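Please keep the sequence and the structure in view while reading.

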Amino acid sequence: MDKIKTKIGVIGGGASGLLFSYLVKKLAPSTVEVCIFEKNDKVGKKILATGNGKCNLSNANLGAGLYNSRFGEDIISKIDEKYVKNVFLELGIITKTDKKGRIYPYSLSANSVLDALYEANLNLNNKIITNYEVKDIKYENKMFYIDEFAFDYLIMACGGKANTKNNNLIGEILTKFGHKWVADHPGLCSIETVDATASLNGIKVKANVSINNHNFDGEVLFKNNGLSGIAIFEASRYVKSGDIIHLDLMSEYDEAALAKLIPDLKTFNHTFPKMVAKDILARANNDLNKAIKIIKDYKFSVKKLASYENAQIMVGGIDTDDVKNSLESKLVPNLYILGEVLNVDGTCGGYNLHFAWASAIIASKNIADGLK
Ligand SMILES: Cc1cc2nc3c(=O)[nH]c(=O)nc-3n(C[C@H](O)[C@H](O)[C@H](O)COP(=O)(O)OP(=O)(O)OC[C@H]3O[C@@H](n4cnc5c(N)ncnc54)[C@H](O)[C@@H]3O)c2cc1C
């Protein structure tokens, strides 16, 4: 007679759900049965969009200050990029690392990553049900029920709201179980400003961007209705409507040094792109001293963040206080919460996918160990 297997339901066939499902089955092949529910017609659609289609899947520079929370840092301290690279190597994915430490599949194609994860699940006979949006979960006598399906373990790997139609179903389900939801907003996105930027549209500058005590050095791209570029993306994790974004266009000099370096309007005009110089001078009423102050503090008032459809991540989500370091819920035994639906967000450079993989690795090992 066949041994009764432990049934594991996984909500979400994205980064964390696909990796978790493969790993848990690999670690406990004769003990578990895995079923993935994916609301889209295909799994892993978001993976294909990552890194401009190249999938920046991790980063060689892991450390403090890259995530919003201690919880995120604790998780990555257990699973570093070498661990993740080895997991992908087993899946047949060789990686390469660029000068900034960003790790990509050697193919520079997100398709390779998704194919490898998908095939690994199929090879282990994990069940994948697409076009199936989980709308409710029942929990009775230590079993989880999704319609007619019953599970011993349930894995929430449903991601955040970014790049989706802003659906908070899973957040609602999890809060029904008592988990707290930290207010969310789009992150790693452009910012609409109250101050007009149309005349600067398309211009890129290097700047130090500061917002609410956070500082980022990098490119700022002016858009028709606000600011974009990598430094703004990073700052967006800390921004809300009404905040003021400060750009320092020459952060290597202090104001006194700039006054010497830029003695006249001619020099000023040749130091910045023409329209930027014009905008600053208009704000300064053509007063060079005032213009120099603006170089160090070019202010933009935030109207709003870009919509979720145009953001890379969700900031906020399930409160990590309600989750153990094994990723198991503190409130409901055998319920695990992975990836971006948790209130863990990282900066640009592969850190968000790294967290998704790391959470999947830890949870799969914890469950498989418990079944031994
Ligand atoms: C354009 C873009 C570029 C990005 N680039 C990078 C990058 O280069 N590097 C990086 O580290 N991060 C990047 N990110 C962020 C990264 O993609 C996410 O952080 C990561 O995918 C989160 O993994 P996850 O498993 O938590 O969720 P996801 O990968 O989003 O997977 C969640 C899955 O759950 C499904 N789902 C949701 N609700 C339900 C439901 N009720 N029933 C059934 N299925 C459901 C979704 O359809 C989805 O397939 C990018 C994001 C975007 C949008």
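Does N59 count as buried or exposed? At 2% relative accessibility, N59 counts as buried, a class that means under 20% relative accessible area, with exposed meaning over 50% and partly exposed lying in between (1.4 Å probe, protein chains only). The model is predicted, so that local features need pLDDT of at least 70 and side-chain atom pairs count only at pLDDT 80 or more, while totals for chains, interfaces and linings use all residues. Residues are numbered from 1 along each chain as its sequence is written, and side-chain values use heavy atoms, with hydrogens and water left out.

N59 belongs to strand β3 (residues 58-59); strands (E, at least two residues) and helices (H or I, at least four) are DSSP runs numbered from the N terminus. Beyond its neighbours within four places in sequence, N59 is in contact with E81, K100, G101, R102, I103, G349 and Y351, where contact means heavy atoms within 4.5 Å.

Turning to the ligand, 33 residues surround it, the closest being S16, E38, G51, E340 and L353; a residue is counted if one of its heavy atoms lies within 4 Å. This shell divides into 14 nonpolar, 14 polar and five charged residues. Helices α1 (15-27), α2 (45-49) and α12 (351-371) each supply at least two residues of the shell, and α12 gives the largest share, four residues. A polar backbone atom of N56 is 2.9 Å from a ligand nitrogen atom. Taken alone the ligand exposes 1000 Å², of which the protein buries 92%, with areas from the Shrake-Rupley method and a 1.4 Å probe.

Elsewhere, helix α11 (residues 288-296) has L288, A291, I292, I294, I295 and K296 buried. Their cover includes β16 (244-248), α8 (255-261), α9 (265-271), α10 (274-283) and β17 (298-305). At the start of α11, a side-chain oxygen of D287 reaches to within 2.8 Å of the backbone nitrogen of N289.

Key
Polar contact = N/O pair within 3.5 Å; in protein donor to acceptor, adjacent residues only side chain to side chain. Nonpolar A, V, L, I, M, F, W, Y, C, P; charged D, E, K, R; others polar.
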